[in-house]
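Here are a few notes to go with the model. Have the viewer open while you read.

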2 protein chains.
Amino acid sequence: MNAEIIAVGTELLLGQIVNSNAKYLSEQLAEIGVNVYHHTAVGDNPNRLKEVIKVAESRADLLIFTGGLGPTKDDLTKDTIANHINSKLVEDKQAIQTILDYFQKTNRTMTENNRKQALVIEGSHVLPNEHGMAPGMFVKNQSKFYMLLPGPPHEMQPMFRKFGLPAILDEIEVKEKIVSRVLRYFGIGESQLEVEIEDILDEQSNPTIAPLAGDNEVTLRITARHQSEEEATKLIDSMEKRVNERVGQYFYGYDQTTIMKELLKVLQERKLTIAAAESLTGGLFQSEMTSIVGVSTMLIGGVVCYSNKSKMKLLNVKEETINTYGVVSEQCAEELAENVRNLLGTSIGISFTGVAGPDSLEGHPAGTVWIGISFVGKPAKAYKLQLSGSRNGNQKRSVKYGCHYLLKELQANEEGMGPNY
Amino acid sequence: MNAEIIAVGTELLLGQIVNSNAKYLSEQLAEIGVNVYHHTAVGDNPNRLKEVIKVAESRADLLIFTGGLGPTKDDLTKDTIANHINSKLVEDKQAIQTILDYFQKTNRTMTENNRKQALVIEGSHVLPNEHGMAPGMFVKNQSKFYMLLPGPPHEMQPMFRKFGLPAILDEIEVKEKIVSRVLRYFGIGESQLEVEIEDILDEQSNPTIAPLAGDNEVTLRITARHQSEEEATKLIDSMEKRVNERVGQYFYGYDQTTIMKELLKVLQERKLTIAAAESLTGGLFQSEMTSIVGVSTMLIGGVVCYSNKSKMKLLNVKEETINTYGVVSEQCAEELAENVRNLLGTSIGISFTGVAGPDSLEGHPAGTVWIGISFVGKPAKAYKLQLSGSRNGNQKRSVKYGCHYLLKELQANEEGMGPNY
């Protein structure tokens with residue numbers, strides 16, 4: 001089976017948004033072995049959309065549409081497809097209930113155009129929308145398959161994973177099982193990683209290995225094919241072992257995890273609590289932590305000590321420390337980490353101070369970062385970084401480095417860091 | 001003239017990268033009034049690329065290609081197009097010199113495949129590459145135009161701005177100037193906004209109005225065409241006035257701004273300082289604020305009071321308040337805002353407390369939010385929200401609502417809120 005991904009929306013053609021849905025869906029389809037040979041984007045124009053559908057039908061078995069399922073007059077994907085395949089639109093009971101519930105829950109009045117979102121192509125397999133109002137659809141006509149998905153990525157992605165992908169898998173006869181696993185690395189660049197495993201990359205066939213530079217980190221996707229899923233998994237296991245004999249010190253987790261999630265796992269297992277003092281990062285470490293469910297037993301709280309005043313007032317940093325060493329210093333980072341831990345009575349204190357940029361501070365260039373870590377009953381220590389990104393990039397990288405150093409510390413101190421530590 | 005943007009590269013179809021070039025070029029072409037009706041992405045496959053070219057020729061006057069100009073075997077865009085238009089490739093003198101210079105400068109040996117990058121379509125207008133080795137091309141064949149650009153955005157964008165755009169402008173007779181302006185709204189849904197201005201949308205011609213739902217907000221792009229730029233701007237002004245007579249209470253700014261930036265503008269103008277107490281949002285308000293340059297004179301700092309312990313310990317919230325009303329309450333929000341303002345001696349205190357989800361808390365469903373605002377010398381007040389997104393979505397929306405309410409308060413209190421307030 002091969003697929004074409006068709007994005008519908010004039011905003012794409014005006015360059016107002018980037019077509020990230022095509023990237024996401026292509027990645028997902030590659031994993032299950034469905035070839036994507038074309039992406040197309042077309043505006044909110046029924047005639048041009050119809051022509052695009054005809055072209056796609058001439059070269060693909062599966063047409064996946066994103067966008068144009070909303071309540072406004074511009075949203076005409078399902079009308080156009082229904083018309084094209086000589087079907088009609090009918091109201092879906094579950095979908096209209098979801099919409100009514102939404103308006104009731106948020107105490108808003110439903111405008112009549114919202115009802116349009118509950119219309120689906122007659123006879124289609126309806127894909128529920130658990131993060132919005134417009135349901136998706138999957139429908140077969142003659143030998144072609146059509147999948148309609150909403151445009152907003154936060155609605156489209158979970159719908160596709162939970163309902164779209166299984167519907168496609170039901171239709172394709174997979175002879176070989178395809179198993180893939182993503183290995184995540186932090187603290188090593190893409191080109192350095194490639195050099196380390198160059199010979200392995202050169203001789204790859206099954207499993208294949210694809211390196212990809214991501215958001216301040218590198219991933220390797222290992223994909224194996226075999227008639228038996230168990231054998232495919234074994235192929236991956238042995239490749240993982242081979243790769244990590246070379247670069248295992250940078251490895252931190254699998255698939256969709258993040259370094260923050262891995263840190264939280266360790267804190268939870270060992271029943272440790274944490275508090276943070278954030279100057280440079282302005283609350284980013286804690287907000288990333290609290291974006292994850294179930295963090296309340298671990299993160300007690302902390303301080304955003306963006307000004308010197310707040311460092312002294314909220315965290316009792318000694319004026320002498322600031323005058324002697326400055327705020328961009330090992331001493332300040334250590335004092336912040338220790339004091340926030342003492343203040344909130346946690347097992348761990350972490351601090352971030354430095355120069356986010358673009359201007360320099362205290363004679364230190366933008367990108368100078370100190371990360372302090374304090375454990376109960378141990379002297380605090382601090383790590384220095386010299387980053388070279390944008391202001392916001394430096395803040396984000398600092399948070400990842402904070403997780404990385406803390407994880408390494410916890411792994412090195414496995415013995416003494418239990419709940420009774 | 002209308003254009004199709006064709007990206008060539010298997011990495012796009014595997015979902016390894018997003019097609020940001022299509023977005024960039026669309027934006028640039030919209031500015032000069034060239035309509036883009038289609039984007040296409042196709043892999044490094046000469047037959048499929050040829051078919052894509054034929055389809056594009058049937059519906060566009062100008063075909064812009066990105067990618068496939070490099071030195072490897074996969075790079076076959078120019079071979080395919082030359083073959084298609086019955087032309088041939090010849091070595092460009094300036095291009096081969098650029099390549100030789102590059103290798104000399106970086107002290108590396110040139111491999112033979114690099115020479116391929118200097119080949120250009122015979123008779124084409126060569127677009128120099130000032131940030132890489134492969135030049136671009138612009139060529140006319142019969143009534144169609146073909147522009148070939150490199151794939152890496154840091155090479156493609158400056159080449160297009162400096163050489164590509166002027167080459168296109170030379171070919172089109174621009175009679176009218178096109179001016180566009182984006183109006184940004186918060187606190188109103190896309191469908192409600194459309195209902196409010198339905199008649200204006202229905203009768204639009206010049207200027208045109210395009211609504212777009214963004215990240216928890218709605219934008220309207222107004223675009224006018226006129227022989228005089230001044231007159232085009234006047235057309236936009238009068239349309240803006242007409243629209244904002246209906247929905248002006250939700251309007252907060254123009255073009256690339258954000259509601260956080262608008263809030264910071266007001267704080268800066270009036271020399272106001274702010275401190276934040278973040279429970280629900282876990283530091284997100286402050287980290288978004290500190291991601292913007294120049295915030296240090298306004299944001300003194302604050303507290304992430306994620307646990308009840310930290311609310312009491314760091315912010316002196318009364319145990320009685322928590323026991324009587326709970327932390328998800330108007331009273332708690334007000335106390336947090338007032339206490340953080342007093343603690344740090346700022347003009348304004350803001351607080352966020354509530355239930356991010358997915359679980360309920362104190363009998364309140366996920367998405368229940370209280371935002372407290374305290375000004376010096378005034379009783380604190382709190383706003384309630386009932387949101388229905390994901391955990392992280394609720395946190396992000398709460399931050400935007402915090403900016404929104406605070407901006408509205410500041411606008412309503414313009415008199416009494418100067419620096420000496």
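**Pocket and sheet notes**

1. The lining of the second largest pocket splits into 12 nonpolar, 13 polar and five charged residues. Here Ala, Val, Leu, Ile, Met, Phe, Trp, Tyr, Cys and Pro are nonpolar, Asp, Glu, Lys and Arg charged, and the others, Gly among them, polar. Bear in mind that this is a predicted model, where local features need pLDDT of at least 70, side-chain atom pairs count only at pLDDT 80 or more, and totals for chains, interfaces and linings use all residues. Residues are numbered from 1 along each chain as its sequence is written.

2. That pocket has 30 lining residues, with Glu11(B), Gly67(B), Gly68(B), Gly151(B) and Pro152(B) nearest its centre. On a 1 Å grid over the protein atoms alone, a pocket is an open set of points where a 1.4 Å probe fits, with protein on both sides within 12 Å along at least five of seven lines; lining residues have an atom within 4 Å of a point. α1(B) contributes the most, three residues. Helices are DSSP runs (H or I, at least four residues) and strands likewise (E, at least two), numbered from the N terminus.

3. Now the sheet: 12 strands make an open, mixed sheet running from β6(A) to β6(B). Strands pair if DSSP finds at least two bridges between them. Both β6(A) and β6(B) are edge strands, each pairing on one side only.

4. How do the chains join up in the sheet? β2(A) and β2(B) run antiparallel, joined by five bridges. Within β2(B), His39(B) is the bridge partner of Ala41(A).

Terms used:
Chains are lettered from A and ligands numbered from 1 in the order in which they are written. Side-chain values use heavy atoms; hydrogens and water are left out.
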